[in-house]
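I opened my notebook to write down what I looked up in this structure, entry by entry.

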Amino acid sequence: MSDPGGYGPKVFEKILNIVDVGIHLIDKEGITVFYNDKMAEIDGFRREQVLGKSIFQLYPSLTHETSTLAKVLATGKEIPEKIQTYVNMTGKRITTINGTYPICDEGKLIGALEVAKDITGIVQLHDQVLDLRHQIYESGHKDKKPAGSAKYYFSDLIGQSPPFLEAVALAKRASRTSSPVLICGPTGTGKELFAQSIHNAGARRGGRSSPRTAPPFPAS
């Protein structure tokens, strides 16, 4: 790289550590070569834990199909503005908007760059607004539901443990889609309550709920 105006690599590194977006750069082998302070804050890593490590060492839950960085390395095509939600190293659920781009030198792919904007606070505020709207809706409709309608709401789900709150957050995201939802768990863990809450938080809340219950699998 040329050195315009006398600015060396350390100056550019300092600038990239000041910006309020996460930056993760890998080489063509998927090894991290740059990782700025904001990305470390988002992920819950220390920079020294990340540099020189493969993305699959850092994020064991990712695969070549689910990792945007790996996809860009494989295809050479950018993936702009993809929303990603994951649990970071400290156990905090994070939602980011990622832009992932191929890095080329004289037409040859040499790596990939991911720029991540943390929108966790916005998503949490959105969920709080949805909860308030549902509570207001419930107060006027809860006793007017016809037979066969879903009667439980997210506000009826009570618990504070991290796994429970993570399950509720996942269910709220599911309620914002039109896709069928599969809920698995032992008998008595509240699957029906979650199913009805998802229905009542979705766009089809005014319609009839149609749950399907599968019999438990035998132990052997």
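Which residues of H7 are buried, where buried means under 20% relative accessible area with a 1.4 Å probe and protein chains only? I noted Phe164, Val168, Ala169, Ala171, Lys172, Ala174 and Ser175 as the buried residues of H7.

Before going on, I wrote down that this is a predicted model, in which local features need pLDDT of at least 70 and side-chain atom pairs count only at pLDDT 80 or more, while totals for chains, interfaces and linings use all residues. Residues are numbered from 1 along each chain as its sequence is written, and side-chain values use heavy atoms, with hydrogens and water left out.

Next I looked at the strands, which pair if DSSP finds at least two bridges between them. Strand S3 (residues 79–87) runs antiparallel to strand S4 (residues 93–105) and is joined to S4 by seven bridges, and Ile83 has Ile97 in S4 as its bridge partner. S4 also pairs in the antiparallel sense with strand S5 (residues 108–118), over ten bridges, and there Tyr101 has Leu113 as its partner in S5. Two residues lie between S4 and S5 in this hairpin, and Glu106 in the turn has a positive phi of about 55 degrees.

Terms used:
Buried means under 20% relative accessible area, exposed over 50%, partly exposed in between (1.4 Å probe, protein chains only). Helices (H or I, at least four residues) and strands (E, at least two) are DSSP runs, numbered from the N terminus.
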